[in-house]
Structure formats: structure tokens, C-alpha cells
Amino acid sequence: MTSPQKSEKDRVIIFDTTLRDGEQCPGATMTFEEKLHVAEILDGMGVDVIEAGFPIASDGDFEAVSEIARRAKNAVIAGLSRAQPKDIDRCAEAVKHARRGRIHTFIATSPLHMKVKLGMTPEQVIDNSVAVVTRARNHIDDVEWSAEDGTRSELDFLCRIVEAVIKAGATTVNIPDTVGYTTAEEYAHIFRTVRERVPNSDKAVFSVHCHNDLGMAVANSLAGIQGGARQIECTINGIGERAGNAALEEVVMAINVRQDRFPYRTNIDTTMLTHASKVVSAATSFPVQYNKAIVGRNAFAHESGIHQDGMLKNAQTYEIMRPETVGVKQTSLVLGKHSGRHAFVHKLQELGYKLADNQIEDAFVRMKALADRKKDIYDEDIEALVDQEMALQHDRIKLVSLSVVAGTRGPQRATMKLDVDGTMRTEETEGNGPVDAVFNCIKALVPHEARLELYQVHAVTQGTDAQAEVSVRLSQDGRSMTARAADPDTLVASAKAYLGALNKLVMKQRRDIPIAAAQ
Ligand code: KIV
Ligand code: ZN
């Protein structure tokens, strides 16, 4: 969060690599249009540098980087490039239309990578780096150089090569934890040492780039900042190679919430974090883990009765940041089997219900019973449940029990018990399908002339345990009555909806006229 009294030295540059390191991970490929959309959002939310792709990798990547460069309004647009002249030139070509472009070149510096992967000596790696940085600087003023596998590189060598690339014109020096191996203390130490020992270190911005193989990418990135780095490379939702990169929303909110420990500022409009997360998740088809920090759907949800009670008294009891700060409309007190009466009453008020104490009590008992059968209880479930509760109090015909035999071996059978004006009636009937059997049963128990005009089923909420909502319209003597009912069991909902419509028809009759029974 921006804070006016902080100086430029406390400013942390947010470098987003969702479109490069993020897109590079298996299964996260985005289309050209999706990349443009993601870039537009990143640009709008205050990301300082957008790494838009790897131009030499494919024509598609080249086109995406060029188009993003043309469209970006605020951010620096970077393209990645191996330490090879043709890569540098292609990258320069791709970012040339940006208001501000950057060439980001990298080469491995760890003994293992230099020997096994590159087959180069350390001296060759230094010479190569100097050559490509010089070439990049001939194209553009903003050049980033990265020491791939930096955290497994020898510190003395790292200092030597960093000095050389800065001398050649690198304006940003990135020391990535490519394999997600480092620890916070170690990473901070690397930055402190390199910045102290390299004589021209003040001529470049140092950058962190962490992978999450040990689940420490965010903590390590923040430690790197404490060690003097001032750029964080990260991705939305933490997508990236293997276990992913440091999550942008997490580093930004850690700085925002823990200003006492991280007295820095970023340019990010944090209220856009949730939207950005949803867009990237949809574009990549990578679902966001429910309990993901900041943007997971449970990040601001409370189900336990104790927590809900605390939240209703003071949100700070169980929330360290307000949901609105990250673009979530409000905290959600999810009703479920752990919820208490306090939260239930609060929810009823929120939904606009004014119920008498006994009605609340009945509805609460029914909510708990529903919660035993259904994992999540949504607002629509509560509405269906209370509406039904209120209707029930006036109904002359009430469903007491229903069991249905259905399946491939017909005929389907329904056994039903109804309370009709206080008298119990039971019947068993067959039908052409379970719904037909249920409706036949009602007709047998309460003979009537009403005709079924409409029967519709849909899910009130999502999931296979969703409540089914059934609408039934009955007509008799030129009058039509429609009723709806919801239940996790579609057949029970069907029976209730049918009875609801029948009750409305019957209600038009006088109470002193008995409801006809079967002969
Ligand atoms: O993880 C890494 O080392 C990288 C570099 C290319 C910066 O992604
Ligand atoms: Zn990486």
C-alpha cells in the first residue's frame, strides 16, 4: 500500500512474471487474447514490470509480447532472453513498441549448471554475460541480468559476475532461487553480501525471484527485500514452474499488513487482487486452492460458532485484514453444522427476515438438520428453508414422510404419510417413474381435480449435494397456483412443491369444509 512518507529507497518494484514463468508451467498455456487480458489487468493494478513472455520461444510468444508492449499504459514491458545474441535481438524487437521496455537475460551461475548444462567454465560465463548485456544495452536502456540457480552459486563467483554485468550496463540484477532451495536467512545473507562486496552495487536494483518447492517462496522473497533487494518477481496465484513462484498477492499483502516488519511500499492497488486471481485462474484453468492465502474462497470465510461469534463482536478477533482491502465484498459467515445461533440470527437479519423467537428456533433446527446432510449452506438455502417454514405453519396438508423405490426395475413406488388437518393418512402407489409415483400418492391421499400444468427442477446451489428446487403449478376451476420447495432430495422437494400448490388451492376453500379423503 502506498504511504506518502516513505522514500524511494523503501519502494519495492513488483515484477510480475505470470505471463512468462507462470505460463511456462505444465497446463497453464494461455491464448493470445487471454494474455492481453491478463496484461491489461496487471497494468491497471499497478504492477511495475510485466514480463510478457519469451519472444524467441515461439512466434506466438513474440506476438503476445509485442502486442502487450504496444498496449501497456504504465508498466515496463519485459521480455526474457537467453544469453545469446539472436535471443537478445528478437527480444529487443518484441519490446520496442513499449513506452518503457526491458530486456531480461539470464545464464546459470551455479557450478552444477555451468558444468552439466552449459558446459562452460566460470570465466566463459562471465564473458558471455558481459557480451549479451552490452548487446542488450545497445538496444535499450533497461536491462536485467539474472544468475540462474543463483542460490546454489558460489558467493565469490556471484560477486565477480555481478560486478562485471553492472559494469557492462545491467540496471537490474536478479539472483533467483531457481530450484526453491534457499532459506530466508540464507537468501537475505546473499543479498547483503553481494551488495556490500560489489563496489558498483549501488548502480543496479537487486531483485528476488523465488520458487516454492519447499513452500518458502514468499518468506524468502521478503527476506531478500530485508537483505536489500528492491524488486520482487512473482506471479498471480503463485503459478509457475513446478511448485510455482512467490504469489504476488501474498508478498504484497504481507508488506501491507506487516508494515511494522516490512516498512516498504508497493504501487499495487490491492483491491484488484481478487479479480486478478480470478482472471488468471480462468485463463489458465488452474483452480485456486480453497484455503489459498488472500484469494482462496475460504480466506475470509468463518464457519465455526466461536469464530462467527467473535467476528460479529469485532472483526479483528479473527481477521488480520479487511476483505475489502483485497477486493472481496465482505467476510462470509458460512453457515454449517458448526455455526451457532448468533450467526444464524445475523444471517436472517441480513436476508431481511423478521421472525418470532419460536420461528427462529424452528428454522435453526431445520438449518442444522440440513447442515448434517449438506456441506455448505448458502443464502439461497436459508431463504428456501425459512420460506418453507413460514408456509408450513399455515398449510392444512403437510408432508410427514416419504420413501420411494426407484431404479431400472419398475414399477417405481412411493409410500407417503400426510398430516391433513391434524389427521394422519398413509398410502402406497406406483407410477411411471418416481415423480409420477409421488404425485399419484398425493392424489390417492387427497383426491382432487387439479391438473398439473408445470413441473420444473433446478439446483438452488452448486454441487451434487445441492438443494433441488422444484416448481409446481396446479390449476383447477380456472385458478392456477404455483409453489416452490427445496430439499437436497429432489423427490421430497417435488412432493413439497406439489403439496404447496395444492395447499394454496385448498386454502381458498373454507377451513370448516373437510378435505376429501379417498373412498
Ligand atoms: O527461476 C529462474 O531462475 C528463472 C530465470 C529465468 C529468471 O525463471
Ligand atoms: Zn523462475
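A polar contact is a pair of N or O atoms within 3.5 Å; within protein, one must be able to donate a hydrogen and the other to accept it, and residues adjacent in sequence count only if both atoms are side-chain atoms. The model is predicted, with local features needing pLDDT of at least 70, side-chain atom pairs counting only at pLDDT 80 or more, and totals for chains, interfaces and linings using all residues. Side-chain values use heavy atoms, with hydrogens and water left out, residues are numbered from 1 along each chain as its sequence is written, and chains are lettered from A and ligands numbered from 1 in the order in which they are written.

**Exercise 1.** Determine how far an oxygen atom of ligand 1 is from an N or O atom in the side chain of H209.

*Solution.* For H209 the distance is 3.1 Å. For the side chain of D21 it is likewise 3.1 Å, and for that of R20 it is 2.9 Å.

**Exercise 2.** Identify the protein donors of the zinc ion (ligand 2).

*Solution.* Donors are N, O and S atoms within 2.8 Å of the metal (3.2 Å for Na, K and Ca), and since water is not among the atoms, sites may look incomplete. Along the chain their spacing reads D-x187-H-x1-H.

**Exercise 3.** Decide whether H209 and H211 are buried or exposed.

*Solution.* Buried means under 20% relative accessible area, exposed over 50%, partly exposed in between (1.4 Å probe, protein chains only). Both H209 and H211 are buried.
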